[in-house]
Amino acid sequence: MCGIIGFVGREQQAAPILLDGLQRMEYRGYDSAGVAVRSESKGLQVKKTKGRLQVLSDMIHGGADLEGTVGIGHTRWATHGEPSDLNAHPHVSEDGRIALVHNGIIENYLELREHLQKQGVRFSSDTDSEVVAHLLELHYNECGNMMEAVGRVLRRIRGSYALGIICADYPNTLIAARKDSPLILGFSGEGNFIASDVTAMLRYTRDVVYMDDGEIAVLTAEGIDVFDSELTPVEKEHHQVDWDVSAAEKGGYPHFMFKEILEQPEAIRKTVQPRIRDGRVVLEGLSMTAAEARDISRVFIIACGSSYHVGMLSKYVWERLLRRPVEVTLASEFRYCDPLVDEKSLVVVISQSGETLDTMAAMREAKRLGGRTLAIVNVVGSSIAREADDVLYTWAGPEVAVATTKAYSTQLVLMDLIGLYLGDLLGTVAPEEYSAILTEMQLLPQKLEQVLGQTEHIQYLASRYFNHHSIFFIGRNLDYAMGMEGSLKLKEISYIHSEAYAAGELKHGTISLIEPGTLVVALGTYGPLFDKAMSNVVEVKARGAEVLGLATEPLRDRMEKTADAVIAVPETHPLLQPSLGVVPLQLFAYYVALHRGCDIDKPRNLAKSVTVE
């Protein structure tokens, strides 16, 4: 959730590098920011503030006020304690010698806090993270060795953490530790890095190592040593990040979200094209044989947020193509619902970052129960990718806006590819349907370009409807699942109350919310149920609703007869239609938020990567 950056160099000043790294992680969502830098003459210098990173940068004149070649920085998303200067990171030990930044949650912090307070320790914040700083001071005073002190502290705390630690007594050293919260090591000729997100380091290095749970790293300007929980040295595999730096920059667009919406045709092309050869789907990351596929009795799809909505769409597609029952479960609920997973279960986990803690914990529970796990992620080398039995990457490239667009779209089309592949293995998809879906899938990028050509029309509709206080999305089958994502996009970035409902459920209670002037977005892109969907449009119109319809081009005229305004998208195979239909909903949400003056790329209270429960 929060952003961590750390740097230790030979001659380069740390503070400007820390600010630059934090700026590149602003998209993750945050409410305060801070840095700590060590110098020979001034010791530890800590500056932090509530609010945007620019406030911090102005406070220290772009980093010029803080001298020193080793430091840590942090952007905080509040969990324990309100957003404030005191609750911002870094946190400092009582004697001022130790500073640290922390991502995650210390579950036993209250118990530890009470223990320390009884010993006379005074706390200046409401956070769980400050406990770690005071524990470090306690154990460092006992043993006189920072590494030993870190080891002792880690054995006392329970929960998740990514830690960056500097000490006034160690002039050229930064210590990092990780458990259930992402932390990456970066190697460069000018110095070495830690970061919670690779984008923070891309300007300086592409040579990275992914820390595993329980590991501790000691960074100096000369190199990085990694140890396991017993402080035994560990050899780590290096990875080269091949992302284009410009992909994580706006490139002249007004917002990252708008840029990423426009990037979707190319993102889908990169996801699909390499996986189709000679008219067949080829999935090199999936080692499942036909015999193993036939042994699957049930499929679970586990995810959070927009990835969960991908799962909801995939349930309809996979059950048709595989003829196996598919259960979609929120990752945050999976562990606590006593899931009926066994060795004949395929468990698909979907996560853009590959570090979503709820999803990771659910996957571990599924593995414990004997299920075979398949991860769908974007970030190579992420924790979920490393722990799953099989992994397939979306290859969407970096996505910066908090509200996902291209990551969602590439997850969806990859799930469609997998469904087609498994249906072929099982012999449950007819050859003619297999060919029809595959042909249409390869046409998706150019049809998406046609959708994006309607930007001005969608912008006009947003200007017409942006002042509504409550908006409902209705649809049937795939349209209902697609509406869930459209509704989430709208409320995420425009702060308008919005809900998605299965259109057939209106008469079971929801229709009581419809009053004159209520905006209803009626989704009618799923051709087989268009007539039934239109009967629900008539129902809400009869109660005074204003209707914005979404239909395919062949059904535009019929939608226009009832709806007040219509957006039309090209027709494709019915199972692939959501890949085209969701894009106008993304654009509508974007322009509504723009008209309302919202902070589109960094909506309030939200974070890009949720690494706490």
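Leaving aside neighbours within four places in sequence, which residues is Gly159 in contact with? The first legend has the answer.

This is a predicted model, where local features need pLDDT of at least 70, side-chain atom pairs count only at pLDDT 80 or more, and totals for chains, interfaces and linings use all residues. Residues are numbered from 1 along each chain as its sequence is written, and side-chain values use heavy atoms, with hydrogens and water left out.

**View A. Gly159 in its loop, between helix H5 (146–156) and strand E7 (161–167).** Beyond four places in sequence, Gly159 touches Ile105, Glu107, Lys179 and Asp180 (contact: heavy atoms within 4.5 Å). Gly159 is buried, at 12% relative accessible area (buried is under 20%, exposed over 50%, partly exposed in between, with a 1.4 Å probe and protein chains only). Helices (H or I, at least four residues) and strands (E, at least two) are DSSP runs, numbered from the N terminus.

**View B. The open six-stranded sheet, in the order E5-E6-E7-E8-E12-E13 with antiparallel pairing.** Strand E5 (91–92) and strand E13 (224–227) sit at the edges, each pairing on one side only; two strands pair if DSSP finds at least two bridges between them. Strand E6 (residues 98–103) joins E7 through six antiparallel bridges, and Leu100 stands opposite Ile165 in E7. Helix H4 (residues 129–143) packs on the sheet against E5, E6 and E7, with its direction at about 140° to that of E6. H5 lies across E6, E7, strand E8 (174–179), strand E12 (216–219) and E13, at about 150° to E7. Axes are lines fitted to C-alpha atoms, for helices over the stretch in contact, and angles run from 0 to 180 degrees between N-to-C directions.

**View C. The buried face of helix H7 (residues 264–272).** Gln264, Pro265, Ala267, Ile268, Thr271 and Val272 are buried here. Looking down the H7 axis, these residues fall within an arc of 165°, so they line one face of the helix (the arc uses directions from the helix axis to the C-beta atoms). Their cover includes helix H6 (256–262), strand E15 (276–277), helix H13 (406–426), helix H14 (431–452) and helix H19 (577–595).

**View D. H7 against H14, with axes that come within 8 Å and cross at roughly 175°.** That makes H7 and H14 roughly antiparallel (over 145 degrees; under 35 is roughly parallel, 65 to 115 roughly perpendicular, the rest oblique). H7 brings Gln264, Pro265, Ile268, Arg269 and Val272 to the contact, while H14 supplies Met441, Leu444, Pro445, Gln446, Leu448, Glu449 and Leu452.
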